Amino acid sequence: MSEHKAILNFLEPLKPFRAVVESTATYRWLYKLLSEEGTILLAHPAKLRLMIQRRAKTDRLDCQLLANLLRINQIPLSYIPPDDFQ
């Protein structure tokens, strides 16, 4: 089973879902995959750092932060350029 199928199978019981993805150099494949299945918000990384200043930065803490901001509708949104933008 491909990784994409595994992700979609995992999310199937959660439909309709809302999720947040941090805008990084490689966000687009995940954004495109998930946006067809649910509501995906793209978080602006610099604005996130301005909102929350902390000493420790781990993936686990980042996930908790994004989940909490999503829950209270406070995700700082990032611009999503068109697919043909290089």
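User: What covers the buried residues of helix H4?

Analyst: The cover of the buried residues of H4 includes strand S1 (18–22), strand S2 (39–43) and helix H3 (45–51). The model is a predicted one, in which local features need pLDDT of at least 70 and side-chain atom pairs count only at pLDDT 80 or more, while totals for chains, interfaces and linings use all residues. Residues are numbered from 1 along each chain as its sequence is written, and side-chain values use heavy atoms, with hydrogens and water left out.

User: What makes a stretch a helix or a strand here, and how many of each are there in the protein?

Analyst: The protein has 4 helices and 2 strands. Along the sequence they follow the pattern α-β-α-β-α-α. The C-alpha trace spans about 40 × 35 × 20 Å along its principal axes.

User: How do you know what span to expect of H4, and what does it reach?

Analyst: The expected span of a helix is 1.5 Å times one less than its number of residues. H4 (residues 59–71) has 13 residues and reaches 18 Å from its first C-alpha to its last, close to the 18 Å expected.

User: Which residues of H4 are buried, and what puts them on the same side?

Analyst: The buried residues of H4 are Asp 62, Leu 65, Leu 66, Leu 69 and Leu 70. They cover an arc of only 130° around the axis, which puts them on the same side of H4. The arc is taken over the directions from the helix axis to the C-beta atoms. An α-helix has 3.6 residues a turn, so residues three or four places apart point the same way. On the other side of H4, Arg 60, Cys 63 and Arg 71 are exposed.

User: Why is Asp 62 called buried?

Analyst: Buried means under 20% relative accessible area, exposed means over 50%, and partly exposed lies in between (1.4 Å probe, protein chains only). Asp 62 has 12% relative accessibility, so it counts as buried. Across the protein, 28% of the 86 residues count as buried.

User: What is Asp 62 in contact with?

Analyst: Contact means heavy atoms within 4.5 Å. Leaving aside neighbours within four places in sequence, Asp 62 is in contact with Arg 54 and Lys 57. In the protein as a whole, residues 24 or more positions apart account for 49% of the contacts with a separation of 6 or more.

User: Why is Trp 29 called partly exposed, and where is Trp 29 found?

Analyst: Trp 29 has 42% relative accessibility, so it counts as partly exposed. Trp 29 is found in helix H2. Beyond four places in sequence, Trp 29 touches His 4 and Ile 7. Trp 29 and Asp 62 are 33 residues apart in sequence and 20 Å apart in space, C-alpha to C-alpha.

User: How do you know that the buried residues of H2 line one face?

Analyst: The buried residues of H2 are Tyr 31, Leu 33 and Leu 34. Seen down the axis of H2, they fall within an arc of 165°, so they line one face of the helix. Their cover includes H1 and S2.

User: Why is Ser 23 called buried, and what does Ser 23 touch?

Analyst: The relative accessible area of Ser 23 is 17%, so Ser 23 is buried. Ser 23 is placed in the loop between S1 and helix H2 (28–35). Residues up to four places away in sequence aside, Ser 23 touches Leu 42, Ala 43, Pro 45 and Ser 78.

User: Which residues does the cis peptide bond join?

Analyst: The cis peptide bond joins Lys 15 and Pro 16, with omega about -10°. Pro 16 is found in the loop between helix H1 (3–11) and S1.

User: What makes a space a pocket, and what is the volume of the largest pocket?

Analyst: On a 1 Å grid over the protein atoms alone, a pocket is an open set of points with protein on both sides within 12 Å along at least five of seven lines, and lining residues have an atom within 4 Å of a point. The largest pocket has a volume of about 170 Å³. That volume is the space filled by probe spheres set on the points, which are joined across faces, edges and corners.

Notes
On a 1 Å grid over the protein atoms alone, a cavity is a set of points where a 1.4 Å probe fits but cannot get out, and a pocket is an open set with protein on both sides within 12 Å along at least five of seven lines; lining residues have an atom within 4 Å of a point.
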